[in-house]
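Hi,

Here is the structure I promised to pass on. Have a look at it first, and my notes on what turned up follow below.

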Amino acid sequence: FEVPLGVLTLTYPLTPPAIAGIGPQDFTLALQNIVGEAVSPFTFGEQEQLWPGDMFTIEANLPPMQMQQAEQWLAFLNGLYGKFGTFSMGDYNRPTPQGPMSGSPLVNGAHISGATQLLIRGATASIANWAVAGDYVQVTASGGQQRLHKVLLNAPSDSGGHVSLYIRPSIREALTDGITVVT
C-alpha cells in the first residue's frame, strides 16, 4: 500500500537504510503472544486461555553515527507513520538458516488465516533436518503482504520433497497454493 505525500508516495514495505558498516547492534527479534489468565482467589488454581494474536517485536540499538547517516535512519522511521507503515527486516543475529532449506519451496495447498502449520512442496528430497528450529521462512500473501515466520521444530523433507513446518507467528492472511517460500 502507499501513502500519498503531495506528488510523491511512500510505498510499503519500506527498507531500512543500508549504510556500510552501520546497522543495528544489540538486536532482538522476539515473538509476542496473548495469553489470558484467571486465578481463583480461593484455591489459587489457574486457568489459561491462548488467544490467536501473535507477532514479532524488534528491539534494536544503533551505534553512534554522523548526522547525515542518522538522518537516513530518522527518515526511515518517520516514514513509517508510527504503527501505520510496514518494513522488511530479517534477524540480524541469524542471517542464514541452520538447515539447508534447499530446493524451490512452494506453499503446498491453501492455508487459512490463523494456521500454525505451513505445508511446503519443492524442497530437496530426503533431508533429515531440512529446516532447523529457529530458522525463518517468508511468504507473500496474495494481497502482497510479506510475512516472516520462525520455525518451531526441526523438519525433515520426505522422498517427494514435502515439508511440514510448525511456525510462529501464525499465518495472518490466507495463502494460496504455489506461493514461493523464501528461506
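The second largest pocket is lined by Pro-24, Ile-58, Ala-60, Leu-62, Trp-73, Phe-76, Leu-77, Leu-80, Phe-87 and Met-89. A pocket here is an open set of points on a 1 Å grid over the protein atoms alone, where a 1.4 Å probe fits and protein lies on both sides within 12 Å along at least five of seven lines; lining residues have an atom within 4 Å of a point. Two elements give two or more residues to this lining, E4 and helix H1 (67-78), and H1 gives the most, with 3 residues. By class it comes out as 10 nonpolar, no polar and no charged. (Ala, Val, Leu, Ile, Met, Phe, Trp, Tyr, Cys and Pro count as nonpolar, Asp, Glu, Lys and Arg as charged, and the others, Gly among them, as polar.) The space in this pocket is about 210 Å³, where a volume is the space filled by probe spheres set on the grid points, joined across faces, edges and corners.

Before going on, a word on what you're looking at: it's a predicted model, so local features need pLDDT of at least 70 and side-chain atom pairs count only at pLDDT 80 or more, while totals for chains, interfaces and linings use all residues. Numbering runs from 1 along each chain as its sequence is written, and side-chain values use heavy atoms, with hydrogens and water left out.

Now the largest pocket, at about 1,100 Å³. It has 39 lining residues, with Phe-56, Phe-87, Met-89, Gln-146 and Leu-148 nearest its centre.

As for the fold, the protein has 1 helix and 10 strands, in the pattern β-β-β-β-α-β-β-β-β-β-β along the sequence. Helices (H or I, at least four residues) and strands (E, at least two) are DSSP runs, numbered from the N terminus. An open sheet of 6 strands runs in the order E5-E6-E9-E8-E7-E10, with antiparallel pairing. Strand E5 (103-107) and strand E10 (181-182) are at the edges with a single partner strand each, so one side of each has no neighbour in the sheet. Two strands count as paired if DSSP finds at least two bridges between them. Inside that sheet, 4 bridges join E6 (117-123) to E9 (163-168), and Leu-118 has Leu-165 in E9 as its bridge partner.

E3 (25-39) and E4 are also antiparallel, joined by 12 bridges. Thr-28 stands opposite Glu-59 in E4. Their hairpin has 6 residues between the strands, and Phe-44 takes a positive phi near 60° there.

One residue I'd point you to is His-111, in the loop between E5 and E6. Is it buried or exposed? At 6% relative accessibility, His-111 counts as buried; the cut-offs are under 20% for buried, over 50% for exposed and partly exposed in between (1.4 Å probe, protein chains only). Its side chain reaches the backbone oxygen of Gly-109 at 3.0 Å. Leaving aside neighbours within four places in sequence, His-111 is in contact (heavy atoms within 4.5 Å) with Gln-117, Leu-118, Leu-119, Ile-171, Ala-174 and Leu-175.

Overall, 30% of the 183 residues count as buried.

Cheers

Terms used. A polar contact is a pair of N or O atoms within 3.5 Å; within protein, one must be able to donate a hydrogen and the other to accept it, and residues adjacent in sequence count only if both atoms are side-chain atoms.
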